[in-house]
Amino acid sequence: MTVAATHSAQAQDRRNVQEPVPPTQVCAVLSADDAPSAKVGQAKLQAALDGCRTGQAVRLTPSRTKAVFASGPIEMRAGVVLWLDAGAVLAAEPDPRLYDLGDGRCGLINNAGGGCRPFLNFHKANGAGLMGDGTIDGQGGAVMIGKAETWWALASRAQVEGREQNVPRLVQIDSSNNITVYRITLRNAPNVHIAMNKVQGVTVWGVTINTPADARNTDGIDPGAAMDVTIARTFISTGDDDIAIKAGDNGATRHVSILDIHIYSGHGLSIGSETNSGVSDVLVRNVTIDGAVSGLRIKSDPSRGGLVQAVRYENVCVRGSRRPIDFDTRYDPRAQGTKIPVYSNIVLRQVAGEGGRLVMHGYDAAHPLGVSLDGVRFVDNATWDVVNTQAIVMAGGVTPPIGAPAAAWSAVNGPNCKALWTPFPGDTAVQSH
């Protein structure tokens, strides 16, 4: 069964996206025995990728006695796929010196951040991919070599000190087109699991992302300055935004499809907080959010705001969330500036959930939030918190009515949530992580 994005050129990825197909040609096979140390593993893996031709794959496989292939940071190559067999683990060596950009900042706290290379870097790597049934482990919870704390502990300490941590992202996709991430498991990223910048045509399909709920800044997937992105059939449990669609100074993000995914711990399915270059044409369909702090979230403020429009949420179920709907134009109430956030043409159709605070905050009367609600159903103690919002209630209705106390939930014109709930891979019951 496949998910195809073909019925409209608006509010979604414009490509005809089908389930990816693994490469049939393998240029090199490396086993875990080929990485007796991270330095050796890094050199062998990089040489294998550098020696591949377009359309070929480097394959990592476990040996009879060893599963973990240890490595330092790797540069992906255009047209080349890194394939991990089931049972194989590609582990990011927790040594700040390997990721340092040359000025000794990686593994430290300062006022700037950004001092580390990513573990897997797709830079001008058109047509490259990351596939297989194996695991990439960022080892964010391992004590850094030469240090006394983990990457995550460093990030937590930076927050307490009001400064920035210098830690590596797990996968960075930058200035690249037609990238595929398929079936792989990503876990324990020191920072963001998959970050995108200046990309067009990215497919993330059948991926599992799993990192503890208290691991700071471990976003799942962050499309930024991105066009034509599909995220499908994916499970995400993290310590920050499970998905965060961004549009900072590097450009707009448009034509994004988020289809048939399941979110657990984290901060929810977000747009923002950087929206100053504009976000538009986003489709979210057949999604469950189970235990995230926020559910469907749009966040920005006047220091980094812009136009967010043509966003459509369809067939979404939320439970265990404090703010199942969280559309806020004053994400940082102290922020100052002239980049006013404006959210318009936001559609919620067949969206249901439990209790919680349902937030829709437009910026002011001159910049209201524009939203349409059709078959929106919440229960228990759900309460609307609506300011500077122009809400249109469609034929499917809203429960509880905006401005009224919570009422009994009705399944009429709402999604079939029972059919959508899915356990996190490996669990016997749906639960928060």
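Analyst: Asn345 has its place in strand β28, which covers residues 342-353; strands here are DSSP runs of E with at least two residues, helices are DSSP runs of H or I with at least four residues, and they are numbered from the N terminus. Residues are numbered from 1 along each chain as its sequence is written, and the model is a predicted one, in which local features need pLDDT of at least 70 and side-chain atom pairs count only at pLDDT 80 or more, while totals for chains, interfaces and linings use all residues. Side-chain values use heavy atoms, with hydrogens and water left out.

The backbone angle phi of Asn345 is positive, at about 55 degrees, although this residue is not a glycine. This deserves attention because most residues other than glycine have a negative phi, and most peptide bonds are trans. Asn345 counts as partly exposed because its relative accessibility is 47%; buried means under 20% relative accessible area, exposed means over 50%, and partly exposed lies in between, with a 1.4 Å probe and protein chains only.

Asp260 is found in strand β22, residues 253-263, and it counts as partly exposed because its relative accessibility is 21%. Ser257 lies in strand β22 too, but Ser257 counts as buried, because its relative accessibility is 1%. A polar atom of the Ser257 side chain lies 2.9 Å from the backbone nitrogen of Asp13, which brings in the idea of a polar contact: a pair of N or O atoms within 3.5 Å, where within protein one must be able to donate a hydrogen and the other to accept it, and where residues adjacent in sequence count only if both atoms are side-chain atoms.

The bond from Gly272 to Ser273 is cis, with omega near 15 degrees, and Ser273 is found in the loop between β23 (269-271) and β24 (279-290). The bond from Thr399 to Pro400 is cis as well, with omega near -5 degrees, and Pro400 is found in the loop between β33 and α4.

That loop, between β33 (398-399) and α4 (417-420), holds Ile402. Ile402 counts as partly exposed because its relative accessibility is 33%. With Val386 and Val393, Ile402 forms a nonpolar patch on the surface, with about 210 Å² of accessible area together.

Strand β32, residues 389-393, is the place of Thr389. The side chain of Thr389 reaches the backbone oxygen of Met360 at 2.9 Å, and a polar atom of this side chain lies 3.0 Å from the backbone oxygen of Val387. When its neighbours within four places in sequence are left aside, Thr389 is in contact, meaning heavy atoms within 4.5 Å, with Met360, His361, Gly362, Leu369 and Val371.

Finally, some strands show how pairing and cover go together. In a regular strand the side chains alternate between the two faces of the sheet. Strand β12, residues 171-174, is covered on both faces, with Val171 and Ile173 buried on one side and Gln172 and Asp174 buried on the other. Two strands pair if DSSP finds at least two bridges between them. Strand β8 (residues 120-123) runs parallel to β12 and is joined to it by four bridges, and His123 has Asp174 as its bridge partner in β12. Four bridges likewise join β12 to strand β15 (residues 194-197), and these strands run parallel, with Gln172 standing opposite Ala195 in β15.

Strand β9 (residues 129-132) and strand β13 (residues 177-182) run parallel and are joined by three bridges, and Leu130 stands opposite Val181 in β13. Five bridges join β13 to strand β16 (residues 199-205), and these run parallel; Thr180 has Thr203 as its bridge partner in β16.

Notes: Patch = residues over 30% accessible without salt bridge, like charges linked within 9 Å, V, L, I, M, F, W, Y side chains within 5 Å. Areas by Shrake-Rupley, 256 points an atom, 1.4 Å probe, with all protein chains shown as cover. Salt bridge = Lys/Arg side-chain N within 4 Å of Asp/Glu carboxyl O.
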